[in-house]
Amino acid sequence: MAFVATLVASHLTRRFDARVAVDDVSFELAAGEIFALLGPNGAGKTTTLRMLAGLIRPSAGAVRVNGRIGLLTEAPGLWDRLTVERNLLVYARLHGLPNPARAVDETLALFDIADRKHDRAAQLSKGLKQRVALARALLHRPDIVLLDEPTSGLDPESARAVRELILRLREERRAVLISTHNLDEVARVADRVAVLSARLVALDTPAALRARLFGSRLLVTLAGDAARFVDLLRTTAADVRANGCTLSIGVADVERTAPAVVRTLVGAGADVVSVVAEQAPLEDVYLRLLQRDAR
Amino acid sequence: MKRIAALLDKELADLRGNPAVFVPAIITGIISIVMPFVVAIVVPYISGERLSDSSDFRIAAEMYRSQPASRNLDPEGAIQAMIFQQFLILLVLTPVAGAMSVAAYAVVGEKQARTLEPLLATPITTFELLAAKVLGALVPGVVLVALCFTLYVGGVIAFAHPGVYRTLFFSRALLTMFLLGPLAALAALQMAVCVSSRVNDARSAQQIGALIILPISILLVAQFTNNVDLTSRVILLISGGLALLNLVLMAIAINLFDRESILTRWK
């Protein structure tokens, strides 16, 4: 499917007095894509999100948006003394929705929180508050959803529920941008990752970033000693190591090389038990990118 | 207007969930109601001395009896009418006392509760946001004044000389209660909201907004000392001035409300 940008950030820069919080950051976001903005505290993630949402002006650069934006702020920001329903109703009216009450009911049902609509926000757990805040961000059916630390501080069950909601947004062809430093979350949901440290350190798919920094490796487990196949495989791949029954093979492209490796091994009489692509943890990728940037 | 109404509904619902915020206003209202009754009814009853026998009130009584509203009252009734009318201005303080903490908390409170950022991400304009905030503080205060005025009139009917209550329904009294009072309160609340937009602490806004009590107190003293005769014309003039002041204050409030600073520099 062709990449059609719904949000374009061009050379975004934001200074606060002498400090440059965001420095010449450019990227595009497409419909149906989950884009993660990774970075340590103070890297400019929230500032970038605020510029994208139009809450603060960039010092330089521009944001082009094709569609409505929904923003989930870092804190749920619910009015504690108001009920869940009333919290959402105020926002439905502020967005000028034609039938606010119906929009709220539909959204509550969609997020599976209709049974809590008469509860005061103060009575909700942190996970439920986050779900209500997400419902609020999506009330007006935005095409672009900006999520600032959506699972921060949530227990694993609540975090999973929020992740499932995020994945559902992709199915609905919305463009989703997540600002986070939760690498596990990024690995689970993101199509592309931008690593930010005031400026853009890297931008690619998680797999491409891994490959760029650590290369890709195939792990082939055989029924028997693997060492005798090392020389044979060196005709296909330069970097081949054996360890007991396992061969570790450095490859440029896992999907293209794996069938050829298996064919070669089987042709030479090897009994192949399993073939897996070895992936460096995203954490290693992220830390190495930041270390490189710091140098 | 729809967005102002939406946010105003929220403000009022929020206040209904926190009625304790009106305790200072209720106390101010009670004191404002009780004080003139103590002066005009209780003290003469306990001392056994009629107000009209006191030389302190004689000149004032003659002056009041010359006014159409008090013409048919006996000397004691005329003095009571004067006292009840002059103390009316104290009731004007009631909405200010009630709403000041609400207004002072308006912006800084939203920021502290971290509810401001999602609000600013909606299409709401600064004018709409501030108007809803000011009205959210003013409306309950004005309702409270109406209640206090009703109690005040009820008390005058029950305890004062017959006919005294009628003097409270002449234009001067009604203009004081329902025009001068709300406009003064609006000015105070706008000042509080202005300050609330610039400080990190609601208490600062509360203290500065409370300065509005000073001119009202000066008016009260000036009335008692006969330096100012708050005729309907004077009240209308002051109200006109306050209306202008409110327009200026709204323009200042909009200018002072710097979304970027509030979001990025306040912690």
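Two residues are in contact if their C-beta atoms, placed from the backbone, lie within 7 Å; the legends below describe close-up views of a predicted model.

View 1. A:Ser59 sits in the loop that runs between helix H1 (45-52) and strand S4 (60-65) of chain A. Once its neighbours within four places in sequence are left aside, the residues in contact with A:Ser59 are A:Thr13, A:Arg14 and A:Arg15. Because 15 C-beta neighbours lie inside 10 Å, A:Ser59 counts as partly exposed, a class that falls between the limits of 12 or fewer for exposed and 20 or more for buried.

**View 2. A:Ser59 and A:Tyr91 in chain A.** The two residues are separated by 32 residues in sequence, and their C-alpha atoms are 29 Å apart in space.

**View 3. The side of chain B that touches chain A.** Here 23 residues of chain B are in contact with 21 residues of chain A. On the chain B side, helix H1 (2-16), helix H7 (116-120) and helix H13 (259-264) each supply at least two residues, and H1(B) gives the most, with eight residues. By residue class, this side of chain B divides into nine nonpolar, five polar and nine charged residues.

**View 4. The two assigned domains of chain A.** The domain assignment of chain A gives domain 1 as residues 5-209 and domain 2 as residues 216-279, and the C-alpha centres of domain 1 and domain 2 of this chain lie 43 Å apart.

Notes:
Residues numbered from 1 in each chain as written. Chains lettered and ligands numbered in written order. Predicted model: local features only at pLDDT ≥ 70, side-chain atom pairs only at ≥ 80, totals over all residues. Helix = DSSP H or I, 4+ residues; strand = E, 2+ residues; numbered from the N terminus. Nonpolar A, V, L, I, M, F, W, Y, C, P; charged D, E, K, R; others polar. Domains from an automatic or database assignment.
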